[in-house]
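Visitor: I'd like to go through this one with you, starting with the charged side chains. Could you put it up?

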Amino acid sequence: MAEKILVPIDGSEHATKALSYTFEEFPDAEVTVINVIDPIDVGYTSTVGMPGYSEEWYEDSKENAEELFAEAQEKADEYGTTVSTITDVGQPAQTIVTAAEDFDHVVMGSHGRSGVSRILLGSVAETVVRRSPVPVTVVR
């Protein structure tokens, strides 16, 4: 049975490296990419309170996810394989950990922050590593 691997993607170079790593190291795996739409990203601008803004923001976020999935499939095509996709809404780390329950492995990129920036911004990769029910490989 092929290993089922979850790869979180956010459009960053780090996520692309993690996806390439997955295809290279696990050529027979069933790969699923996940994009988490974070409601916190809507921000606190003056447009937030406008009628329909949250729906517009959500639609834009879903379109962005579809673009990321198309890029992931292009990368998969380079390796002669396909990817499945998941779009979910929530806090990224927790959403990834919850989704990981249905997989054998998570491979994700890390922005490699350290020191004060890591403390202030947190680390999705670190949280996933600490809480994941399955092994996690972090690609830098």
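Predicted model: local features only at pLDDT ≥ 70, side-chain atom pairs only at ≥ 80, totals over all residues.

Visitor: Where do Arg130 and Glu126 lie?

Guide: Both are in helix H5, which covers residues 124–131, and they sit four residues apart, about one turn of the helix.

Visitor: And is Arg130 buried or exposed? What about Glu126?

Guide: Arg130 counts as exposed, at 64% relative accessibility, while Glu126, at 23%, counts as partly exposed.

Visitor: How many salt bridges does the count come to?

Guide: The count comes to four. One of them joins the side chains of Glu13 and Lys17, at 3.2 Å from N to O; these two residues are four apart in helix H1 (residues 13–25), again about one turn of the helix. Glu13 is exposed, with a relative accessible area of 54%, and Lys17 is partly exposed, with 37%.

Visitor: What about Glu78, which residue does its side chain meet in a salt bridge?

Guide: Glu78 meets Lys75, with a distance of 3.5 Å from N to O. Because they are three residues apart in helix H2, about one helical turn separates them. Glu78 is exposed, at 57% relative accessible area, whereas Lys75 has 19% and is therefore buried, the cut-off for that class being under 20%.

Visitor: Staying with charge, which residues gather in a patch of negative charge on the surface?

Guide: That patch brings together Glu56, Asp60, Glu63, Glu67, Glu71, Glu74 and Asp77. Asp77 belongs to helix H2, which spans residues 53–78.

Visitor: Changing topic, what pattern does the protein follow along the sequence?

Guide: Reading along the sequence gives β-α-β-α-β-α-β-α-α-β, with five helices and five strands in the protein.

Visitor: In what sense do strands E1 and E2 pair?

Guide: E1 (residues 4–8) pairs with E2 in the parallel sense, over five bridges, and within that pairing Pro8 of the model stands opposite Ile34 in E2.

Visitor: Why is E2 largely enclosed by the rest of the structure?

Guide: Strand E2 runs over residues 30–37, and seven of its eight residues are buried, so the rest of the structure largely encloses it. For the protein as a whole, buried residues make up 37% of the 140 residues.

Terms used. Residues numbered from 1 in each chain as written. Heavy atoms only, no water. Patch = residues over 30% accessible without salt bridge, like charges linked within 9 Å, V, L, I, M, F, W, Y side chains within 5 Å. Areas by Shrake-Rupley, 256 points an atom, 1.4 Å probe, with all protein chains shown as cover. Lys, Arg positive; Asp, Glu negative; His and termini not counted. Charge placed at Lys NZ, Arg CZ, Asp CG, Glu CD. Buried < 20%, exposed > 50% of the residue type's maximum accessible area, 1.4 Å probe, protein only. Pairing = 2+ DSSP bridges.
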